[in-house]
Amino acid sequence: MKLHRLLGFAAVTSMAATMAMAGSSNMDFAKMYEKECQGCHGPIHQGGVGSDLRPKALKKKEHNMLVQTILNGRENTAMPSWSSKFSADDASGMVDWLMDWKNTVELTLDFDEVHKTWTKLADVDALAKKYPKATDVKNVKDITFATERDASLVDFIDSTTGKVLSRHKAGFAVHVTVTNKANPRYAYSISRSGKLTMFDIAAPGQPAVASVQVGQESRGLAVSPDGKYILAGNYNPGGAVLCDAHTLEPLKVYDTSRVINPDGQIGPSRVAGIADTPYGPYFAMALKDGGHTYIIDYSKPNFPIVGDIPNIGKILHDCFLNENEGKDYGRYFQIASQGSDLMGIVDFKTKTLAAKVYTGKKSKPHPGQGSSWFNKKMGKQLNATNSMNFGSVVIWESPSWEVVKKVPTAGGGLFVGTSEHTPYIWSDCVLGKPAKYNQVYLINKETLETDRIIRVGKTKGQLIDAHTKKVLQEWDATQHAKVPVLEKAFGKETILPMPDHIGKAVAKPVQPRLLHAEPANHGKWTMISEWTTGRIGIYESKTGKFIKYIENLTTPTFTYSVEHRQHVPGA
């Protein structure tokens, strides 16, 4: 979507800069950066999970060293090897382009321009009247969402059977999906291309009913527990957009183009972690570059910011809430500061920073959906995050906020998750070395020791006893070629159907890359995505035993169980 259709801007980027080439490379560096690099390094190259790539920072680096980093990656960081997509000339050209890059565009959120993109795709109330109950499943809570990142798809899956019900185009690199807890027939997705989409998952085919373009690049999403409002956060331009959760009509924008960062400088900030809370009528939104967290009160006229908590740390990212029982349930917004290696604990009650939990030098915490559970042995509420740079699951108490254990794993991870139905927290190693990123660690919630490891190889999978190294289960993990399917019209949408068979066995299988364990089927199953093989593995939540695969997907990433997330504050 062109900028002028959505946002106010000061100037346009030089076309000459975006098409710069080096040697024999024909790569469009601007497009490649937007697709593969921007998520970690930022839309204006300012860094985040990845390094600062602005010319001022890069001129201190040696050119060939940067080329080799692109080609070979950097161990114990989120930077993978790109040798499969970049030739040496491509990498050299990318470095030249980065060193010569100029930020000539300054974007700010414009409410009127955002509002113009609001599109009604179906009559929400008419659909609800026609289909008062779920049509494709027994109950909408039986549904799990999945995102196919590189295919720009949101899938809806029957959690009780593993059958894919429908697959919908929902913007480039669909990032997050959430549900409306007050009325779980409504689901929402946000894409990295800034498209917010609303679905009616009770109607046949789970149709999209509304959409709005909230930015150029977006990440966070949260729905108020009363089901009235949804807040979407932007990377580019910074800020957030509040919408009516029943119609998706934009109601207000929160601009973050001028905020004070932890170094005292004034500049723009991306918005990263966003969460609602059952503790009060609040949304929390974390200013990634500003180091602040804003608290919005959606019960008051004009939805004001009623709390501004500064100096949490640098590069704020993922977040989750505590699950302490009783009056403190959902009271604390736990936000990862990846530039300061800590979890900031924001108190919704006092609207202050309650504590900083240090996760380890250069750990870069990334909790994903996070984990919070009651440890009976200790008699305490515990919380956990993954570390991106090396294999470490950090566990701390609440509300004392003291670290009680660091559990080693095979490599840096992005997601750690659990539920009341499993004795484990499930931690991936997706950022580890290729020899290790095919593993998920099952850590006992009582002993805080790794009990089991799921390891999926190129031809077989194994469930391993972490103490004895004994193989408890082995299964056929043969990889199959994708079966091509054609998009077909579905109302005002196009959808991708699922084939009725799997393709032939792959002659040269790749190393599976496992990530994001999500409880499903009312706690009986846990779903694990396999990024490189294009499938989702289903496992028993109580034992970790393999059950079956959902095949024929493209880079499946997030899964989101409607039933499970009903019971997780802020999820």
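How much space lies in the largest cavity?

1. The largest cavity holds about 50 Å³ of space, and the count comes to one cavity of 30 Å³ or more. A cavity here is a set of points, on a 1 Å grid over the protein atoms alone, where a 1.4 Å probe fits but cannot get out; the volume is the space filled by probe spheres set on the points, which are joined across faces, edges and corners.

2. This is a predicted model, in which local features need pLDDT of at least 70 and side-chain atom pairs count only at pLDDT 80 or more, whereas totals for chains, interfaces and linings use all residues. Residues are numbered from 1 along each chain as its sequence is written, and side-chain values use heavy atoms, with hydrogens and water left out.

3. The lining of the largest cavity consists of His480, Ala481, Lys482, Ile502, Gly503, Thr533, Gly534, Glu551, Asn552 and Leu553, where a lining residue has an atom within 4 Å of a point. These residues divide into three nonpolar, five polar and two charged, with Asp, Glu, Lys and Arg counted as charged and Gly among the polar ones.

4. The largest nonpolar core has 40 residues, and those with the most contacts inside it are Tyr188, Leu196, Ile201, Ile230 and Leu248; such a core is a set of buried Ala, Val, Leu, Ile, Met, Phe, Trp, Tyr and Cys residues joined through side-chain atoms within 4.5 Å. A second, separate core of 20 residues includes Met32, Tyr33, Leu66 and Phe86.

5. Glutamine 439 lies in strand S31, residues 439-444 (strands are DSSP runs of E with at least two residues, and helices runs of H or I with at least four, numbered from the N terminus). Its relative accessible area is 3%, so glutamine 439 is buried (buried means under 20%, exposed over 50% and partly exposed in between, with a 1.4 Å probe and protein chains only). Beyond neighbours within four places in sequence, glutamine 439 is in contact (heavy atoms within 4.5 Å) with residues including Ala410, Asp428, Ile453, Arg455 and Leu514.

6. Proline 204 is found in the loop between strand S9 (195-200) and strand S10 (208-213), and is partly exposed, with a relative accessible area of 31%. Leaving aside neighbours within four places in sequence, proline 204 is in contact with Tyr131, Thr135, Asp136 and Phe490.

7. Helix H5, residues 88-99, reaches 17 Å from its first C-alpha to its last, close to the 16 Å expected, a span given by 1.5 Å times one less than the number of residues. The buried residues of H5 are Asp90, Ala91, Gly93, Met94, Val95, Trp97 and Leu98.

Conventions:
On a 1 Å grid over the protein atoms alone, a cavity is a set of points where a 1.4 Å probe fits but cannot get out, and a pocket is an open set with protein on both sides within 12 Å along at least five of seven lines; lining residues have an atom within 4 Å of a point.
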